[in-house]
Amino acid sequence: MTEATGGIEMEEGVGGKVKKFLYVNRKAPYGTIYALESLEVVLIAAAFDQDVSLAFLDDGVYQIVKGQHTKPIDVKNFSPAYRALEGYDIEKLFVEKESMEARGLKEEDFIVPVKVIGTQEMTDLMQSQDVILSF
Amino acid sequence: MKLGIMINEGPYTHQASDTAYLFAKAAIEKGHKIHRVFFYHDGVYNANRHAEPPQDDRNIVNRWQKLAKDHHVDLVVCVAAALRRGIKDENLQEGFRISGLGQLIETGIQSDRMVTFGD
């Protein structure tokens, strides 16, 4: 664990502080590495017992779309990993309604349960966070 | 104020590292403290000591190194992102260190503000 967490011992390293972390995913899952490496951060973050939420906006909504077939582009399909988040107690996943609708997607197109919220609610969500990491 | 910085883009191709540097420098001049700079994605290339820009251009890698030395700024390169891109201790500029993503989370926890520079 200490290797994965950068040698930080949870108890002494963070002094029991719990902050609200929001990971903002704005980019398509393939084409660039941002989505994959963002997911890697989220999975590590789970070890720190922080209050974690994920937001999917713009092309980021494609990250959690069902039925991803990446064989033809010879890239690993990492979308099943989003389903593992629940096991790490990361259950607050938000999708921006406008981004979803602009791409012809519906709530049932996603591989994980999400809460669909409008731009205003997304703004409020961001306002309520301590740390926002945008990828 | 204690600030944490994340840089997600490589040097020269993208302005992220330049802007982050200028931000960090300005913040320090104003009396703030930079808790840590965390290099992620292609940002790990900012630590490549083999970078040799033309004489009349800024040296982004060395500039970070100097800032770290002068102001005790912790420059951390993500190990997973670095290995993927061939950044290792052998080609790591002095003043940088390679460590895990936990360092990024810890920066978020310990800093008053976390600022991301990327695309």
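A polar contact is a pair of N or O atoms within 3.5 Å; within protein, one of the two must be able to donate a hydrogen and the other to accept it, and residues adjacent in sequence count only if both atoms are side-chain atoms. The model described here is predicted.

**The interface as a whole**

- Chain B and chain A bury about 2,000 Å² between them, and 58% of that area lies on carbon and sulfur atoms.
- Within the area that chain B buries against chain A, 30% is supplied by B:His41, B:Ile105 and B:Ile109, more than by any other three residues.
- The contact is formed by 28 residues from chain A and 24 residues from chain B.
- The interface holds 3 salt bridges according to the rule.
- The rule also finds 10 residue pairs in polar contact across the interface, both residues being at pLDDT 80 or more.

**The side of chain B that touches chain A**

- Helix H3 (79-84), helix H4 (102-110) and strand S5 (113-117) of chain B are the elements that give two or more residues to this side.
- H4(B) gives the most, with 8 residues.
- By residue type, this side of chain B divides into 9 nonpolar, 10 polar and 5 charged residues.

- A:Glu37 is found in helix H2 of chain A, which covers residues 34-45.
- A:Glu37 counts as buried because its relative accessibility is 0%, and buried means under 20%.
- Leaving aside residues up to four places away in sequence, A:Glu37 touches B:Tyr40, B:His41, B:Ala81, B:Arg84 and B:Arg85.
- The side chains of A:Glu37 and B:Arg84 meet in a salt bridge, at 2.7 Å from N to O.
- The side chains of A:Glu37 and B:Arg85 are joined by a polar contact of 3.0 Å.

**Positive phi in chain A**

- Most residues other than glycine have a negative phi.
- A:Asp74, in the loop between strand S2 (51-56) and helix H3 (80-84) of chain A, has a positive phi near 55°.
- A:Asp74 is exposed, with a relative accessible area of 71%.
- A:Asp89 is not a glycine, yet its phi is positive at about 60°; A:Asp89 is found in the loop between H3 and strand S3 (92-96) of chain A.
- At 65% relative accessibility, A:Asp89 is likewise exposed.

Technical notes
Residues are numbered from 1 along each chain as its sequence is written. Chains are lettered from A and ligands numbered from 1 in the order in which they are written. This is a predicted model: local features need pLDDT of at least 70, side-chain atom pairs count only at pLDDT 80 or more; totals for chains, interfaces and linings use all residues. Side-chain values use heavy atoms; hydrogens and water are left out. Contact means heavy atoms within 4.5 Å. Buried area is the accessible area (1.4 Å probe) that two parts lose on being put together, summed over both. A salt bridge is a side-chain nitrogen of Lys or Arg within 4 Å of a carboxyl oxygen of Asp or Glu. Helices (H or I, at least four residues) and strands (E, at least two) are DSSP runs, numbered from the N terminus. Ala, Val, Leu, Ile, Met, Phe, Trp, Tyr, Cys and Pro count as nonpolar, Asp, Glu, Lys and Arg as charged, and the others, Gly among them, as polar. Buried means under 20% relative accessible area, exposed over 50%, partly exposed in between (1.4 Å probe, protein chains only).
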